[in-house]
Amino acid sequence: MIFVTVGHQMPFDRLISAVDAWAGERGRDDVFAQIGETELRPRHIRWAAKIDPAEFRERVEAAETIVSHAGMGTILTALELGRPILVMPRRESLSETRNDHQVATAVRFRELGRVSVAMDASEIPGLLDRLGSIPAGDRISTEASPRLINAVRGFIFEDRRPI
Amino acid sequence: MTKTRSNPKVMAVASGGGHWVQLMRISPAFAGARLVYVTVEPSYRDQVGDARFRLVCDATRWNKFRLILLLCQITFVILHERPDVIVSTGAAPGYLAIRIGKLFGARTMWIDSIANVECLSLSGERIRAHADVCLTQWDHLARAGGPSFEGAVL
């Protein structure tokens with residue numbers, strides 16, 4: 001099962017349309033998408049506008065691959081559950097988001113070997129055709145790095161502050 | 001001061017999505033403190049165990065009316081909860097909580113999202129002058145005088 005998600009704030013029709021078209025051409029009936037509040041109606045994939053966090057986590061865990069916007073909530077959840085993830089960054093120029101930070105996020109996380117990236121919709125069919133080649137790392141821990149946790153703890157309990 | 005450090009009341013604030021996921025990853029830091037979470041999504045309550053849980057409206061800087069409502073809600077929550085420490089992973093609810101919390105004597109910490117790779121978020125830039133500690137999760141963004149780098153959620 002492929003799980004597609006656009007996050008909780010805005011729709012991302014460019015991503016949904018590309019995946020829907022691919023699913024139609026490949027005859028895939030195992031794609032489910034959370035599409036946000038949009039008038040777009042996919043023709044080949046099952047969808048819902050919104051799902052609750054518990055269902056979201058279940059679907060990520062059960063998925064062969066996640067396809068999503070380059071949102072940190074989805075990326076971190078996919079990594080925590082050890083699932084491969086393909087992201088496409090939202091673009092401010094296309095009114096898909098308010099600034100282009102998702103582009104930098106996607107590039108940086110690709111460099112770290114954590115996510116696969118489609119920089120635009122034309123790359124999606126090719127990447128989805130090669131789903132098996134999207135790496136799934138081991139599950140990352142569900143906790144932040146010890147350094148950060150210690151820094152926050154030190155501030156709370158000892159008023160320790162960075163120099 | 002000793003009392004608040006040995007048994008502090010911590011208010012942990014985050015808006016939805018990635019901000020909340022990152023707050024949850026940091027939450028082991030809160031163990032042993034009296035704790036209240038402030039966020040925008042009711043179904044997150046299932047993730048916080050026995051900690052107190054308060055809801056505020058989801059607002060961004062592009063909706064002034066909702067921001068004013070959020071400001072009122074945050075003020076009310078702070079007056080009611082009286083936190084000693086406020087920690088936030090952003091965005092607008094955390095920004096307002098730190099600004100208001102400072103007026104009531106709270107110590108405050110902002111942790112900019114790991115999504116902000118190239119520069120601090122706008123809220124992060126604005127909160128720098130107000131939060132006691134402002135952290136970035138990318139070493140190359142650290143500056144003398146803030147933000148500081150002390151690791152990341154990954």
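Predicted model: local features only at pLDDT ≥ 70, side-chain atom pairs only at ≥ 80, totals over all residues.
Residues are numbered from 1 along each chain as its sequence is written, and chains are lettered from A in the order in which they are written. Local features need pLDDT of at least 70, side-chain atom pairs count only at pLDDT 80 or more, while totals for chains, interfaces and linings use all residues, and side-chain values use heavy atoms, with hydrogens and water left out.

**Exercise 1. Describe where chain A and chain B meet.**

Step 1: start with who takes part. Chain A brings 35 residues and chain B brings 46 residues to the contact, where contact means heavy atoms within 4.5 Å.

Step 2: look at the area. About 3,600 Å² is buried between the two chains, and carbon and sulfur atoms give 66% of that. Buried area here is the accessible area (1.4 Å probe) that two parts lose on being put together, summed over both.

Step 3: find the elements on chain A's side. Helices H3 (72-80), H4 (101-111) and H6 (146-158) of chain A each give two or more residues, and H6(A) gives the most, with 10 residues. Helices (H or I, at least four residues) and strands (E, at least two) are DSSP runs, numbered from the N terminus.

**Exercise 2. Work out the strand order of the open sheet in chain A.**

Step 1: read across the 6 strands. The order is S3-S2-S1-S4-S5-S6, with parallel pairing; two strands pair if DSSP finds at least two bridges between them.

Step 2: pick out the edges. Strands S3 (46-48) and S6 (116-117) of chain A each pair on one side only.

Step 3: zoom in on one pair. S4 (residues 65-69) and S5 (residues 85-88) of chain A run parallel over 4 bridges, and Ser68(A) stands opposite Val87(A) in S5(A).

**Exercise 3. Is Ser113(B) buried or exposed, and what does Ser113(B) touch?**

Step 1: locate the residue. Ser113(B) sits in the loop between strand S5 (107-111) and helix H5 (122-127) of chain B.

Step 2: check its accessibility. Ser113(B) is buried, with a relative accessible area of 6% (buried is under 20%, exposed over 50%, partly exposed in between, with a 1.4 Å probe and protein chains only).

Step 3: list the neighbours. Not counting residues up to four places away in sequence, Ser113(B) touches Met72(A), His19(B), Gln22(B) and Gln137(B).
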